[in-house]
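Please find my notes on this model below.

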Amino acid sequence: MNGALLRHTWRLQRTKLAIVSIALTVWGFLLPVIYARFGSQFSALMQSGMLPKQFARFGGGDVFSLAGSMALGFIHPIAIILTSVFAVGFSASAVAGERQRGTLEVALARPISRRVLYVSLLAASFGFIAISIAALLAGSVGGATFAGVVKELAFRNLPLLWLNSVLLFGAFAAIALAASVSFDRLTPALGLTLGIVIAMYVLEVVGSLWPAAEVLQPYSLFHYLKAKAILTGSAAPFDVVVLSSVILMAILWALVVFPRRDLAAPS
Amino acid sequence: MHAIETVGLTKYYGHRSGLVASVLERLRASTSPPIRALESLDIAVREGEIFGFLGPNGSGKSTTIRLLLGFLHPTAGRGRVLGLDTVRDSVTIRRRLGYLPSGIALYDTLTGEQLLDYLGELSGRPASRRAELCQRLELSSRTLKRLVRDYSRGMRQKVGIVQALQHDPELAILDEPTEGLDPLMQRAFYEILDTLKAEGRTIFFSSHVLSEVERVCDRVAIVREGRLVALEETVALLARRKRNILMRFTGAPPRLETVSGITNVEHGDGYVTCSVEGSVRPFLAAIADAAVVDLTIEPARLEEAFLEFYDAAETT
């Protein structure tokens, strides 16, 4: 890992990181408040049979419990889009974007191996994701406190929720970086990663809303973040293993491919 | 030891080597044959010289530079920089050299100073020459406090030169270094090169501007379609090439057709034109008795030598 590169990356991303973190904190704050104010009404609505039961299982979250509302916050498109600013956007452009702009060769003309460059960018990406998820969690805790339902929260489960979420978005970041080191231009790297994220999200959502499609859910990485189960103390260690394996495979791909690639002059 | 040495250095784009590394390349290249970017290049750059590397767009100049920096992997042959292998010891090599890419791209959101600090830090060596370079290229501290995005083309090029040389590298690889510089700054840059050369630094210099190569380079290599077509001392190259002569006289014209090294003799009313190759002494001896009114011998230009090589290569 290269300290100068890491510091430079953080300096360039700090404003974006601040904006994303604030937005996630606000988002995380809202859901426990919604649960506290409208949870019982939503519950009554569901029990009346007016809405299909599957709506109560969207992404493993709901608004009838604090754990469910926090889980909904993690799997909701708003949280995914915000976290993907770094997990997908930053990671996919970290190498391919710099290469397209021509700035990569200025950095690589220095005594930095491609592997060190990659590891530094990976560390930066995981750092951004870790802070973003921490902001989301902090917002949720703040919202629960504000709404007076914080007693329902088991604080001891929060570190695992944070870790599992970091691993989920870290897996997307590792895939994005693997794509980034494999292409000369940003568009294919970003397109490929976005395609994977969207396809997996669709599999997870379709699987959660349509019982016949449940079989598709294991093919989605989103399936391996069960936020409500973690918050209620029934986490599955296998989820962490699956996400870690995906991260390791993506890292292995990048570490093998990137140093062996030709970096022709940017066009 | 040579500062740069290549033996049979060859690069084909789309060539399949290795299993995993070329998977994507294979997919892209599956429908097209490999592109021969560089074919068996043999050059040796001496320590302490300024070496010009010439060729038109697409001739293999940038490919050669990228092979030397380890950005590309050779298809065949090998390259050594400062005695180190360009593939195995790429990181060590880059610790000891400075590189200015053609049309350098810089981080627009940094100030000039932040950019030089960052790149200096990445180099891992103190920026011992920065103050001197900035002073010579008229980059004031006030200018360096501005964002790079606000710089003109020339300012960016000056910053590019400073970042390549600020850590006092043993070898500098400069690709089109005077692009965008005004004549005054070009002169300042040539003076910087003179200083570096006097201190024993080696400069590998790629340029389209043949007059500047002629001015600064000790030796030049000319590449065409990935092949080396000439490698010679600049002075020798110029001495060998034909120069055009225009002579005005009164009385009988001198007999030049049989003089050694004289060709293309054409007579007019009171004047004669011809070309001389090599030494001018036989020509001067031949016109010793002529009533010469005016004599013009055009200086030899690298540009003509360059074009001659290309014309010769076209016809073969």
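How many salt bridges does the rule find across the interface of chain B and chain A?

1. The rule finds three. A salt bridge here is a side-chain nitrogen of Lys or Arg within 4 Å of a carboxyl oxygen of Asp or Glu. R7(A) and E121(B) meet in a salt bridge through their side chains, at 2.2 Å, N to O.

2. This is a predicted model: local features need pLDDT of at least 70, side-chain atom pairs count only at pLDDT 80 or more, and totals for chains, interfaces and linings use all residues. Residues are numbered from 1 along each chain as its sequence is written, chains are lettered from A in the order in which they are written, and side-chain values use heavy atoms, with hydrogens and water left out.

3. Contact (heavy atoms within 4.5 Å) links 28 residues of chain B with 35 residues of chain A. The area buried between the chains is about 3,000 Å²; that is accessible area (1.4 Å probe) lost on putting the two parts together, summed over both. Carbon and sulfur atoms give 59% of it. F71(B), Y107(B) and L122(B) supply 21% of the area that chain B buries against chain A, more than any other three residues.

4. Helix 7 of chain A (residues 186-209; helices are DSSP runs of H or I, at least four residues) has 24 residues. At 1.5 Å times one less than that number, the helix should span 34 Å, and its end C-alpha atoms are 34 Å apart, which agrees. Its buried residues (under 20% relative accessible area, 1.4 Å probe, protein chains only) include M200(A) and Y201(A). Their cover includes helix 2 (66-75), helix 3 (77-101) and helix 6 (158-182) of chain A.

Definitions and conventions. Helix = DSSP H or I, 4+ residues; strand = E, 2+ residues; numbered from the N terminus. Buried < 20%, exposed > 50% of the residue type's maximum accessible area, 1.4 Å probe, protein only.
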